[in-house]
Amino acid sequence: MAAPESLSLAQARRVALAAQGFADPPPAGAPTRRHLRRVLDRVGLIQMDSVNVLQRAHYLPLYSRLGPYPTALLDTAAYRRPRDLFEYWGHEASLVPVGLHPALRWRMARAHDEAWGGMRRIAREQPGLVAWVRDEVAARGPLTAAEIEHDAPRQTGHWGWNWSAVKQALEFLFWAGEVTAAERTTSFARRYDLPERVLPPAVLGAPTPTDAEAYRALVGVAARSLGVAAEPELRDYFRLPAAGARRAVAELVEAGELTPVAVPGWRQPAYLHAAARLPRWVRAATLVSPFDPLIWERGRAERLFGLNYRIEIYVPAPQRVYGYYVLPFLQGDRFTARVDLKADRKAGVLLVPAAWAEPGVDPEETALALAAELYRLAGWLGLDAVAPPAAGDLTAPLAAALRSVAGVP
């Protein structure tokens with residue numbers, strides 16, 4: 001699209017959704033590695049999280065964009081040769097395209113200064129243990145932390161999330177890029193190995209960019225994936241240093257890759273990526289994970305969509321407003337509902353502890369679209385049924401819609 005001087009809020013929404021892949025046509029048949037790569041090109045990276053009340057977080061962005069797909073497709077891309085992805089600290093713990101490894105080496109080089117406190121402490125106070133752990137991985141990897149802990153020469157206490165000294169050493173080495181994740185166990189534990197046994201040789205052999213070059217590359221990925229965004233959001237995508245990100249934005253504006261635009265209601269300047277598209281409409285009807293890059297930055301989600309969203313996993317149950325694991329429902333170019341979901345795998349049922357309508361929507365119309373999506377999600381998860389919602393202002397319309405979709409009078 002030709003770069004305008006301003007975008008309406010509706011235009012900015014459609015630009016953002018197109019940049020994230022929600023305007024792409026769905027796969028004609030079963031999703032393939034080609035479809036996965038298209039999504040990766042749109043989102044830039046995928047956040048990971050250990051919560052498994054519904055589905056592991058890294059599987060959900062692909063579902064939201066492709067519909068039901070075999071999760072083995074992502075597992076293969078991340079943990080089998082030829083790898084498209086590797087685990088590292090991108091936007092929190094993430095699956096990152098292997099081609100971005102050189103652009104993240106500045107973070108690896110700063111492990112002694114920027115890794116979390118427990119990791120820095122173990123590296124500073126017990127360098128011998130860190131070296132021993134690396135030698136164990138080199139000699140016997142891939143290994144889980146538990147497999148190394150069994151043979152550790154000594155334990156010296158716990159920090160943070162009750163990680164052992166060995167786990168802290170492994171995580172320091174992981175931050176520093178000296179070990180990486182070869183795969184995940186069924187319990188979601190990392191198996192660590194040396195990068196040269198995991199990552200493609202061409203990636204490891206690629207030259208290391210300067211910090212400024214790396215920041216430009218990462219801000220460029222963020223800008224392409226967001227479509228239109230303010231500088232803090234471009235910085236947040238890969239958690240970049242403020243000064244370096246601001247400089248990268250200015251350089252990308254000068255190069256013509258970013259164009260400043262005005263968006264109503266945005267107090268900070270917005271930047272439009274040169275490859276951004278403005279579709280005439282977006283026909284999405286899908287649930288979006290709390291860890292989806294579309295809504296990572298909650299302030300931007302509120303400015304774009306009027307979605308006041310906060311994850312409540314860590315909020316005490318009596319203080320939660322919407323529920324434990326709440327997914328917003330994207331319908332067209334708006335969020336029209338949100339549902340608290342839980343997979344009861346033993347019973348084969350998708351539980352809906354709560355369902356809520358967003359302001360200004362038609363409850364019956366929204367409920368029918370949401371019911372169809374809940375059955376689609378349940379099928380993807382291998383569940384046989386969807387339970388009626390237990391609470392929320394969308395309870396009655398959604399319960400009726402679920403009966404209708406299921407063919408129950």
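Is Arg239 buried, partly exposed or exposed, and what is its relative accessible area? Keep that in mind as we walk through this predicted model, where local features need pLDDT of at least 70, side-chain atom pairs count only at pLDDT 80 or more, and totals for chains, interfaces and linings use all residues. Residues are numbered from 1 along each chain as its sequence is written, and side-chain values use heavy atoms, with hydrogens and water left out.

**Stop 1: Arg239.** Select Arg239 in the loop between α13 (231-236) and α14 (242-255). Helices here are DSSP runs of H or I with at least four residues, strands are runs of E with at least two, and both are numbered from the N terminus. Arg239 is partly exposed, with a relative accessible area of 34%; partly exposed lies between buried (under 20%) and exposed (over 50%), using a 1.4 Å probe and protein chains only. Now check the backbone: phi of Arg239 is near 55 degrees, a positive value. Most residues other than glycine have a negative phi, and most peptide bonds are trans.

**Stop 2: Phe188.** Next, pick Phe188 in the loop between β4 (180-184) and β5 (190-193). Phe188 is not a glycine, yet has a positive phi of about 75 degrees. Its relative accessibility is 14%, so Phe188 counts as buried.

**Stop 3: Arg81 and Pro82.** Move to the loop between α4 (72-79) and β2 (85-90), where you will find Pro82. The peptide bond from Arg81 to Pro82 is cis, with omega about -10 degrees.

**Stop 4: Gly141 and Pro142.** Finally, select Pro142 in the loop between α8 (127-140) and α9 (145-149). Gly141 and Pro142 are joined by a cis peptide bond, and omega is about 5 degrees.
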